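Hi everyone, thanks for coming. Let me put the structure on the screen, and then we can walk through it together.

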Amino acid sequence: MRRNYFRMYKVFTKPNCGYCVKAKALLDKLNIPFEEYKLSTGMASGDGEVTIEQMFEMIGKQVRTMPQIMSDDKHIGGYTDLREHFINEGKLNFKGEITN
């Protein structure tokens, strides 16, 4: 059965985070749209900013590392988990090369 369904990816990031940049670049490389939520150090101003408490609520648990990535409402984890997710889906090989 063919599904006409695209997952919505959410990427929670913070400033000066190399793995955040890598996660967004990987999604871009695979032409996968995503929403970025930037971690705010104070009050979230909207426009894609969230507080750490809001992020914990959206993810469903407390986490210590960034980035944090979700696919629809399923928590994937960080950058390494995202790579593994796409390897398991057959979109990347173990070298990180696109397989399609």
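Let's start with the overall size. A compact globule of 100 residues would have a radius of gyration near 13 Å, and the protein chain has 14 Å, which agrees; that radius is taken over C-alpha atoms, and the globule rule is 2.2 Å times the number of residues to the power 0.38. Along its principal axes, the C-alpha trace spans about 40 × 30 × 25 Å.

A word on ground rules. This is a predicted model, where local features need pLDDT of at least 70 and side-chain atom pairs count only at pLDDT 80 or more, while totals for chains, interfaces and linings use all residues. Residues are numbered from 1 along each chain as its sequence is written, and side-chain values use heavy atoms, with hydrogens and water left out.

Now the fold. The protein chain has 3 helices and 5 strands, and along the sequence the pattern reads β-α-β-β-α-β-β-α. Helices (H or I, at least four residues) and strands (E, at least two) are DSSP runs, numbered from the N terminus. As for burial, 36% of the 100 residues count as buried, meaning under 20% relative accessible area with a 1.4 Å probe, protein chains only; exposed is over 50%, and partly exposed is in between.

Which partners does β4 have? On one side of the story, 4 bridges join β4 to strand β1, residues 9-13, and the two run antiparallel. Then 3 bridges join β4 to strand β5, residues 74-77, also antiparallel. Two strands pair if DSSP finds at least two bridges between them. β4 and β5 form a hairpin with 2 residues between them, and D72 in the turn has a positive phi of about 55°. Across that pairing, M70 stands opposite H75.

In a regular strand the side chains alternate between the two faces of the sheet.

Finally, please find V11 in strand β1. V11 stands opposite I69 in β4. Is V11 buried or exposed? It counts as buried, because its relative accessibility is 0%. V11 and Q68 are 57 residues apart in sequence, yet 5.9 Å apart in space, C-alpha to C-alpha. Leaving aside residues up to four places away in sequence, V11 touches several others, including L27, F34, Y37 and P67, where contact means heavy atoms within 4.5 Å.
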